[in-house]
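Let's take a look at how two protein chains can sit together. Have the picture open while you read, and follow the pairs as they come up.

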2 protein chains.
Amino acid sequence: MHRVKVRVVEDALDANSTLAQANRADFDRHGVTVVNLMGAPGAGKTALLEQVVADGLGDVRLGILEGDVEGSLDADRLARLHVPVTQINTAAGFGGECHLDANMVRSALGAVALDELDLLVIENVGNLVCPAEFRVGEDARVMVTSVTEGEDKPLKYPLMFRACDVVVVNKVDLLPHLDVDLELLLHRIDKVHPDVPVMVVSGRTGEGIDAVRHWLHELHAAKAAVRA
Amino acid sequence: MHRVKVRVVEDALDANSTLAQANRADFDRHGVTVVNLMGAPGAGKTALLEQVVADGLGDVRLGILEGDVEGSLDADRLARLHVPVTQINTAAGFGGECHLDANMVRSALGAVALDELDLLVIENVGNLVCPAEFRVGEDARVMVTSVTEGEDKPLKYPLMFRACDVVVVNKVDLLPHLDVDLELLLHRIDKVHPDVPVMVVSGRTGEGIDAVRHWLHELHAAKAAVRA
């Protein structure tokens, strides 16, 4: 019995991995670089995207795949900025899942005009646990943490901080009004994921957003060079 | 095949429900009122508990069961205040689950001195989706949302706001520094869960904490009267 159980779990993991590879092949064929944007509810993932979109990414054509349990509030916010946005709701057909998986992303790809994009940002469901366990075919994972969440999050949710390629520390405009030690937070991020690049930003004031824009640009240039 | 699949899901749900009832029977036998405290990572659940514990609950003996994926940072914070705290880590033996379920709580009950308590607060894993789906044997569910998370959370995570008996709106000391409309947030909470009691507090300044303390007192008195 034990062997059968293990086998089922492995199959389930494989299914996500297989579908993530299929997504990745589609993205590569269209020359689209893909970012999986993760973080807690209210970390400011959408506000960060709004800031990035507001001044654009030069000649890099950006699209967004927006994951939410219900509703389309974030997709509506972003669509106002004239960027192509596709909504995935995990409550409709996926049982109210607390994360995106490769199959959900795959089911939405028919609605995404990949040949008109260079960079696709997939905004995951707000959650610091499960999104880290499901690859969706992305080239890179960005994790957003807000200083209002406190300095303890890297130690309490280490998998998420380890599973990402860059950490964005958001809402630093609020630091003067918080009992939060930014240096301690940065130290703990580095302890959990040594040498991970960290960008300190404010989605509200725009502070530090140029670094995010630059990082996205460089990521796409590097991926495009590999594909060429 | 479809019928078999549905049957498996029902059994799984039943297992949690059965164990939640067993937990509840244990709590009732010892006259312990139990609160399931839920909210996003960084909503300030632990800071709220620290404020409640700091001035005590009069003759109501409080204990805490602390749920985290990893580590014991929150349990350590609370134990410093001389309140009995028991830690459950979902990473150890439970696969890094993003929520507590009735079985995890049951597995910890041997370490909780129920006969020395009147009120047990179970602090759930920080998450706005899955904790709402798993009862653990509690008498009431308290949901903490921070104003820094924005006004959109009731619409994006409606199940969590509907599944609770009271909503605590935290971190209102930060309102002067945010582009967040408290009235709109309160309106949306009421829209998703009409007439749910709402307490507006600051875990940092202590504003509104007396109302939380009063609510806990009344809850325990009401449950004790039913049991008598």
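## One pair to start with

A salt bridge here is a side-chain nitrogen of Lys or Arg within 4 Å of a carboxyl oxygen of Asp or Glu. This is a predicted model, and B:Asp179 and A:Arg204 meet that rule, with their closest N and O atoms 2.9 Å apart. Side chains of opposite charge can pair when their charged atoms come close.

Where do the two partners sit? B:Asp179 is in the loop between strand E6 (166-170) and helix H7 (182-192) of chain B, while A:Arg204 is in the loop between strand E7 (198-200) and helix H8 (209-227) of chain A, and the pair crosses between chains. B:Asp179 counts as exposed, at 58% relative accessibility. A:Arg204 counts as partly exposed, at 41%.

A:Asp179 forms a salt bridge with B:Arg204, and here the closest N and O atoms are 2.8 Å apart. A:Asp179 lies in the loop between strand E6 (166-170) and helix H7 (182-192) of chain A, and B:Arg204 lies in the loop between strand E7 (198-200) and helix H8 (209-227) of chain B, so this pair joins two chains.

Are these two residues buried or exposed? A:Asp179 is exposed, with a relative accessible area of 59%, and B:Arg204 is partly exposed at 40%.

## Where the chains touch

Time to zoom out to the whole interface. On chain A, 33 residues are in contact with 33 residues of chain B. The two chains bury about 2,700 Å² between them, and 55% of that is on carbon and sulfur atoms. Three residues stand out on chain A's side: A:Pro41, A:Lys156 and A:His177 supply 21% of the area that chain A buries against chain B, more than any other three residues.

How many salt bridges are there between chain A and chain B? The count is 6. There are also 11 residue pairs in polar contact across this interface. On chain A's side, the elements that give two or more residues are helix H3 (73-79) and helix H5 (153-156). Sorted by class, that side has 14 nonpolar, 6 polar and 13 charged residues.

## More salt bridges

Over all chains, the count comes to 38 salt bridges. Some link up: A:Glu50, A:Asp68, A:Asp74, A:Arg77, B:Asp152, B:Lys153 and B:Lys156 are joined in a network.

Another salt bridge has both partners in chain B: the side chains of B:Asp118 and B:Arg61 meet at 3.0 Å, N to O. B:Asp118 lies in the loop between helix H4 (102-108) and strand E4 (119-123), and B:Arg61 in the loop between helix H2 (45-54) and strand E2 (62-68), so the pair ties together parts that are 57 residues apart in sequence. B:Asp118 is buried, with a relative accessible area of 13%, whereas B:Arg61 is partly exposed at 39%.

Terms used. Residues are numbered from 1 along each chain as its sequence is written. Chains are lettered from A and ligands numbered from 1 in the order in which they are written. This is a predicted model: local features need pLDDT of at least 70, side-chain atom pairs count only at pLDDT 80 or more; totals for chains, interfaces and linings use all residues. Side-chain values use heavy atoms; hydrogens and water are left out. Contact means heavy atoms within 4.5 Å. Buried area is the accessible area (1.4 Å probe) that two parts lose on being put together, summed over both. A polar contact is a pair of N or O atoms within 3.5 Å; within protein, one must be able to donate a hydrogen and the other to accept it, and residues adjacent in sequence count only if both atoms are side-chain atoms. Helices (H or I, at least four residues) and strands (E, at least two) are DSSP runs, numbered from the N terminus. Ala, Val, Leu, Ile, Met, Phe, Trp, Tyr, Cys and Pro count as nonpolar, Asp, Glu, Lys and Arg as charged, and the others, Gly among them, as polar. Buried means under 20% relative accessible area, exposed over 50%, partly exposed in between (1.4 Å probe, protein chains only).
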